[in-house]
Amino acid sequence: MRKRLCLVLLACLLVCRAAWGALEGANSWQRVDSRYCTMWIDSAIQLKKVNRKISTWRIRPRGEAPQKDDSIESELAAKCDTIFRRAQEVLDMYPAGIHTTIRIAREREDIEGVHATRYGHGTEAVAFYVFEENTIYAAIDDLSESVLVHEMAHCIIDHYFRVRPPRKIEEMLAMHVDAHLRE
Ligand SMILES: [Zn+2]
């Protein structure tokens, strides 16, 4: 029994390593931390491009707005937290101590590779959330506040319920959050 458990653990470890490997490659990553998120951004992507892709000016409540002279990192962090807080508010779900990882890759194929390694098939999705890794994967060209809030909603829902809801229900809730993002 213990031997079987060890084998299962080993298999899990190998799958995780393969998934990481698919994205890691020779890439290095830039890290941006916020209260709710740790972003890992491919070093080939300019932070100001990421910052441009995510707009929060019509999203309330905004929380602490970054100062004008603040760095791009702190502006990005503030934007992530604004979007995350809004997702919690629309859902009215506030799981304790929640924090997620966001990986922003250069190409769509990079995140497709992660999906294929984990689930055995690729995906048409522009982004996805992996509960087991508590990680949102997105490619830079498809990135937006809508994409982020949708995936953050998946994270919040999955951590709020003791039993994760059926996929279709969860998808409806995540779409609902995106639809009410800017109210
Ligand atoms: Zn979804």
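This is a predicted model: local features need pLDDT of at least 70, side-chain atom pairs count only at pLDDT 80 or more; totals for chains, interfaces and linings use all residues.

Modeller: Leaving out residues up to four places away in sequence, Met-152 touches Ile-83, Phe-84, Ala-87 and Thr-100. Among the 37 residues of the largest nonpolar core, Met-152 and Ile-104 are the two that touch the most other members. The elements that contribute two or more residues to this core are strand E2 (37-42), H3, E3, helix H4 (108-119), E4, E5, H5 and H6. As a general matter, nonpolar side chains in soluble globular proteins tend to be buried together.

Let us begin with the helix that carries Met-152. Met-152 is one of the buried residues of H5, and the others are Glu-145, Leu-148, Val-149, His-150, Glu-151, Ala-153, His-154, Cys-155, Ile-156 and Ile-157. H5 has 16 residues, and from its first C-alpha to its last it reaches 22 Å, close to the 22 Å expected at 1.5 Å a residue. Its buried residues pack against H3, E3, E4, E5 and H6. H5 lies across strand E3 (100-105), E4 and E5, and it runs at about 20 degrees to E4.

H6 spans residues 167-179 and has 13 residues; its reach from first C-alpha to last is 18 Å, close to the 18 Å expected at 1.5 Å a residue. Ala-174, Val-177 and Asp-178 are buried in H6. These three cover an arc of only 100 degrees around the axis, and therefore lie on the same side of H6. The cover over these buried residues includes helix H3 (72-91) and helix H5 (145-160). On the face turned away from the buried side, H6 carries the exposed residues Lys-168, Ile-169, Met-172 and Met-175.

Five strands form an open sheet in the order E1-E2-E3-E5-E4, and the pairing is mixed. Strand E1 (29-33) and E4 are the edge strands, each pairing on one side only. From one strand to the next, the twist averages 20 degrees.

E3 is largely enclosed by the rest of the structure, because 5 of its 6 residues are buried. E3 pairs with E2 in the parallel sense over 5 bridges, and in that pairing Ile-41 stands opposite Ile-104 of E3. E3 also pairs with E5 in the parallel sense over 5 bridges, where Ile-104 stands opposite Ala-138 in E5.

E4 and strand E5 (residues 135-139) pair in the antiparallel sense over 4 bridges, and Tyr-129 stands opposite Ile-136 in E5. Ala-127 has its place in strand E4, which covers residues 127-130. Ala-127 counts as buried because it has 24 C-beta neighbours inside 10 Å. Apart from neighbours within four places in sequence, Ala-127 is in contact with Ile-136, Tyr-137, Ala-138, Asp-142, Val-147 and Glu-151. Glu-151 is itself among the buried residues of H5. Ala-127 and Arg-108 are separated by 19 residues in sequence and by 8.7 Å in space, C-alpha to C-alpha.

Asn-134 lies in the loop between E4 and E5 and has a positive phi of about 45 degrees, although it is not a glycine. With 14 other C-beta atoms within 10 Å, Asn-134 is partly exposed. Asp-92, in the loop between H3 and E3, likewise is not a glycine and has a positive phi of about 55 degrees. Asp-92 counts as exposed, because it has 7 C-beta neighbours inside 10 Å.

It remains to set this part within the chain. The protein chain has 6 helices and 5 strands, which follow one another along the sequence in the pattern α-β-β-α-α-β-α-β-β-α-α. Of its 183 residues, 31% count as buried. Among the contacts in the chain with a separation of 6 or more, 68% join residues 24 or more positions apart.

Notes
Residues are numbered from 1 along each chain as its sequence is written. The expected span of a helix is 1.5 Å times one less than its number of residues. A residue is buried if 20 or more other C-beta atoms lie within 10 Å of its own, exposed if 12 or fewer, and partly exposed in between; C-beta atoms are placed from the backbone. The arc is that of the directions from the helix axis to the C-beta atoms. Two residues are in contact if their C-beta atoms, placed from the backbone, lie within 7 Å. Two strands pair if DSSP finds at least two bridges between them. Axes are lines fitted to C-alpha atoms, for helices over the stretch in contact, and angles run from 0 to 180 degrees between N-to-C directions. A nonpolar core is a set of buried Ala, Val, Leu, Ile, Met, Phe, Trp, Tyr and Cys residues joined through C-beta atoms within 7 Å.
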